[in-house]
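Please open the model in your viewer and keep a selection panel to hand.

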Amino acid sequence: MMRIRERSKKLPAVAIIAVALLGSVSACNRASGGDGDGLPRAETLYVAGRQWGEPTTFNPLMSSVQWPVNNINLMYETLLLYNALTGKMEPLLAESFAQLNDDIEVSLNPAARWSDGKPVTGWDVKFSFDLGDKNKSLPVSPVWQYIDAVRLLDESGKEVADTPRDTPDYPRRVAFILKPDRRNPLVVLDWLQDARIIPRHIFEPEIQKHGLDATTSLKFDKDPVISGPYQLKQYSSEKIVTERRPDYWGNNALHAGKLPVPRYVVHPIYKSNDHFSIALRQGRLDMSSTFVPRIWRKAEKGVHAWLEDPPYFVGTGMPMLFINVKHGPLADVAYRRAMAFSINYVDIRELAGSNYSEPLQPGLIMPSGLEAQFYSAADAKQYGVGYDPARAKQTLAEAGYKSLFNEKGDLVETRDKAGQRVQTVYIKSPTGWSDWESIVKIAVRGMREAGIDAREKFIDGNLFWTDLAKGEFDLIMNTPASAPSPSKPWSRFDAVMTTQDFAPEGEKVYKNMGRFNDPKAPGYIARIDQLLATIPTLKEPERSAAYRELNVIFMQQQPTIPLMYRPDQFYEFSTRHWTNYSTATHPYLPPQIPGERCGTGMLWALVPVAQKQ
Amino acid sequence: MLKNHPVLKHILGRAAWYLVTFLVAVTINFFLPRLGKANPVDTIMAKVSAGLDTKSANAVEEQYLKEFGLVQVDAQGKVVRGKSGKALKTSLGSQFVNYLGMSLRGDLGGSILQHPKRVSEIIKTAIPWTLALQLPTIVFGWLIGNVLGALAAYKRGIFDKLFYPGALLMSAIPAFCFGILLVYWFAIKREWFPAVGGYDEGLTPALNAAFLSSAAYYYVLPFLSVFLLVVGGQAIGMRSMCIYELGTDYVKYAKLLGVKENKILYYMFRNAMLPQLTGLAVSLGTMVGGALIAEIVFSYPGLGMAILTAIQSNDYPVITGCCLLVTTTVLIANFTADLLIGLFDPRIRAVQGGKP
């Protein structure tokens with residue numbers, strides 16, 4: 001009897017526990033400062049695709065900070081903005097810039113203010129850059145390979161001491177002195193639109209008191225002092241919420257006194273790519289910078305992309321196969337070119353790339369957009385390599401390779417001139433990156449059909465990056481320097497061919513991972529490094545000629561195999577709650593999502609749908 | 001001395017074994033993620049190294065390695081270097097000692113990928129969602145599944161004929177597939193329920209009507225996606241157990257003796273229940289691991305995703321911390337089940353206690 005009664009007691013107890021636990025969900029997740037009524041949909045813009053996983057820190061000193069700090073200018077701002085449509089540097093904290101012979105000078109906007117009312121001064125700018133000179137681990141430090149000093153000037157051009165004071169005539173002119181032996185204004189411009197300017201009066205005392213390490217581990221998530229138009233309101237593992245700052249300095253100085261239209265910009269955090277597509281379709285998301293399959297079928301639901309027709313997006317990145325030219329047959333240019341001939345790039349674009357890019361042309365220069373001015377169709381025709389299985393076989397045969405096929409037509413092995421078996425080369429790609437996996441499979445299929453003994457090797461995502469940097473691969477997928485920036489296409493060539501940081505296999509490098517053009521080996525092509533060094537300072541028409549020469553060397557040497565074009569910064573948008581997005585037919589801003597560089601300007605132009613009716 | 005207290009002896013004996021299991025599990029938890037070739041800093045570097053030159057990249061990497069205790073540091077806090085100028089790695093042994101020390105102090109360490117977040121913080125924000133999704137589905141799914149299964153076995157006839165194939169389908173359908181079908185039918189085809197998330201994006205978690213009703217609305221599909229499968233699985237198991245019991249000698253004998261049907265049912269249910277009880281204990285133990293599939297399919301908050309991301313990026317402290325939590329709860333649940341079964345099942349009591 002006892003036991004039966006015990007059992008009957010259990011059920012209600014279980015129910016009570018369940019209810020209590022359900023209740024605790026809300027109790028434990030309570031965030032500070034939230035209002036129960038929620039954000040009004042008509043005043044909220046939902047953007048996505050720039051934050052994956054839980055936000056951790058909003059510290060602008062960290063390399064891996066979260067949206068919107070990492071994508072710049074909702075919270076912290078840069079001096080300039082690069083407009084990928086016009087190729088021009090547009091003003092932000094700096095109202096103008098001048099490129100002189102040995103330096104680049106910017107003038108700060110006198111209206112620029114921090115959120116605590118203090119002006120944004122040359123001292124802030126100098127501090128933000130100088131930190132990276134002293135501390136190599138800060139994100140801004142690489143610019144110091146290209147500059148010698150940051151100098152502050154007063155209105156008359158006299159140098160101002162680096163001692164910040166509260167004064168109305170603070171220095172507004174800042175000069176970046178280029179390194180004479182590595183003069184590269186292009187990269188410095190990259191950095192002027194990349195480096196977040198931080199409030200010196202907040203950071204300097206903190207670093208002096210507690211040291212840099214302690215300062216970098218602060219989160220800066222509670223009403224931080226910023227200069228940008230939106231302030232961090234709250235965040236959780238599900239979303240990041242920013243709220244419009246009515247007192248943002250740029251409303252008057254840059255936007256004719258208007259406020260940004262959405263009161264809140266929210267970045268929801270979903271766990272799978274599909275959810276962004278679903279949320280866009282359902283109008284829960286307004287803009288997304290994620291891969292949306294079959295975008296043309298979403299138009300009826302009000303979801304569109306930059307272009308209404310194929311390729312829908314503007315490609316800026318070039319996924320390619322990096323080749324370790326020190327590995328066996330890959331040292332042979334003929335073998336590399338035969339590989340490039342054997343890959344079906346149309347299949348890659350259509351099957352792996354959803355047809356979201358224009359047809360691939362040979363070389364490292366994009367045939368469209370701003371880069372088209374350096375592109376030569378004649379060179380591409382004469383030196384370039386496209387899909388041509390017959391020429392792949394011919395190239396192999398001319399170089400003395402023999403391929404053995406079995407009776408079913410499958411490749412057994414490849415033999416070199418001496419009759420020795422050529423080692424199998426493996427193409428590495430991270431497991432689970434399905435578009436890259438498809439690309440690699442298409443490439444391997446083409447190579448084997450042409451008689452090249454290649455195989456796919458899908459590896460753990462963590463090992464992938466180490467192997468890439470250490471050069472531990474035969475061929476490996478990689479998209480170098482993909483974001484639009486003032487230094488294109490120079491930075492793409494640099495990422496693929498420079499020998500500046502050349503190191504043997506096993507040591508990590510972050511450019512030219514294929515160890516191409518070893519400066520210590522016979523056959524070193526000094527001309528490549530010369531061209532890379534001079535192009536940034538050349539004027540037209542010399543610059544175009546130099547680009548052409550470099551691109552021809554690339555096509556002849558084939559140190560990597562470009563596979564297709566890919567958009568890097570892009571968006572799809574839903575017209576359910578907002579309209580007047582920038583598109584190819586109404587291109588008032590480049591295709592960047594609000595919160596990402598120029599795209600932020602869209603916040604002043606969007607029109608809520610509810611208001612229109 | 002313990003001879004006179006068979007129950008106590010039984011409990012202590014089991015407890016000792018569980019302690020050993022726990023220690024082995026903790027050791028494995030620590031070493032397994034660290035045996036691979038890659039380390040978590042590689043993952044971070046992949047994200048932050050774009051555009052860096054080698055010198056700055058190496059400086060960044062070293063700073064992270066130092067931060068996470070993966071390189072040796074001298075008394076002044078400077079990185080110890082070998083002859084080649086490279087930082088010396090901390091040995092696995094000393095990392096383990098360090099880890100044991102921290103664990104004893106109840107410190108799970110800090111996440112590497114989500115630096116500077118503490119592991120305990122990650123667990124604390126995720127666990128209420130996980131429990132809210134898992135506990136009701138498991139407990140109610142178990143109860144309802146078992147009752148329905150027993151009913152089907154006992155009643156047979158048309159109820160069983162309709163119920164059994166349904167339950168079979170539910171128990172056999174993969175969780176992700178069922179979740180996706182639910183999303184397709186009820187969130188995309190007909191927009192009855194939201195497809196993703198735990199609550200409306202415009203809201204903030206708080207104890208108010210707006211949030212709670214939104215959370216309840218968003219709860220429906222993820223709940224169903226797990227609940228129906230649990231019911232199906234439990235019912236199938238219980239049904240076959242009961243059918244087996246119905247055919248045993250003691251039931252036949254009891255029937256022949258003319259024992260009342262309710263009494264027979266009670267005996268039968270008790271016996272059929274035992275394996276199901278162990279099953280319940282195991283699922284209650286593992287539930288803190290999260291309903292990974294439901295979390296992915298619905299972008300639902302929870303611990304499963306935290307563990308998956310940690311494993312994918314070699315975030316040692318998070319993997320180890322979450323595994324420690326799962327290990328502990330599984331062991332506690334099993335221990336409890338062991339004791340309960342001992343109490344419920346006279347056969348086990350007899351063997352353990354040495355008395356009939």
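Predicted model: local features only at pLDDT ≥ 70, side-chain atom pairs only at ≥ 80, totals over all residues.

Residues are numbered from 1 along each chain as its sequence is written, and chains are lettered from A and ligands numbered from 1 in the order in which they are written.

**Where the chains meet**

Colour the two chains separately and select their contact, to which chain B gives 60 residues and chain A gives 58; two residues are in contact if their C-beta atoms, placed from the backbone, lie within 7 Å. On the side of chain B that touches chain A, the elements giving two or more residues are α2 (40–48), α3 (54–67), α5 (119–155), α8 (209–246), α11 (292–298) and α12 (303–312) of chain B, where helices (H or I, at least four residues) and strands (E, at least two) are DSSP runs numbered from the N terminus. The most comes from α5(B), with nine residues. By class, this side of chain B has 30 nonpolar, 19 polar and 11 charged residues, with Ala, Val, Leu, Ile, Met, Phe, Trp, Tyr, Cys and Pro counted as nonpolar, Asp, Glu, Lys and Arg as charged, and the others, Gly among them, as polar.

**A helix pair in chain B**

Next select α8(B) together with α10 (residues 261–286) of chain B, whose axes come within 9 Å and cross at roughly 135 degrees; axes are lines fitted to C-alpha atoms, for helices over the stretch in contact, and angles run from 0 to 180 degrees between N-to-C directions. That makes α8(B) oblique to α10(B), since angles under 35 degrees count as roughly parallel, over 145 as roughly antiparallel, 65 to 115 as roughly perpendicular and the rest as oblique.

**An enclosed helix in chain A**

Move to α7 (residues 273–281) of chain A, which is largely enclosed by the rest of the structure, because eight of its nine residues are buried; a residue is buried if 20 or more other C-beta atoms lie within 10 Å of its own, exposed if 12 or fewer, and partly exposed in between, with C-beta atoms placed from the backbone. The buried residues of α7(A) include A:Phe276, A:Ile278 and A:Leu280. They pack against β1 (44–48), β11, β12 and β20 (572–574) of chain A together with α7 (175–189) of chain B. After α7(A) comes A:Gly283, whose phi is positive, near 75 degrees.

**The nonpolar core**

Which residues touch the most other members of the largest nonpolar core? Select A:Val188 and A:Leu321, which do so among its 244 residues; a nonpolar core is a set of buried Ala, Val, Leu, Ile, Met, Phe, Trp, Tyr and Cys residues joined through C-beta atoms within 7 Å. Leaving aside neighbours within four places in sequence, the contacts of A:Leu321 include A:Ile427, A:Ala443 and A:Leu475.

**Backbone details**

Finish with the backbone, where a cis peptide bond joins A:Pro310 and A:Pro311, with omega about 5 degrees. A:Pro311 lies in the loop between β12 (303–304) and β13 (320–323) of chain A. A cis peptide bond also joins A:Glu540 and A:Pro541. Then select A:Arg294, which has a positive phi of about 45 degrees although it is not a glycine, and which is exposed, with 9 other C-beta atoms within 10 Å. B:Ser299, with a positive phi of about 50 degrees, is buried, with 24 other C-beta atoms within 10 Å.
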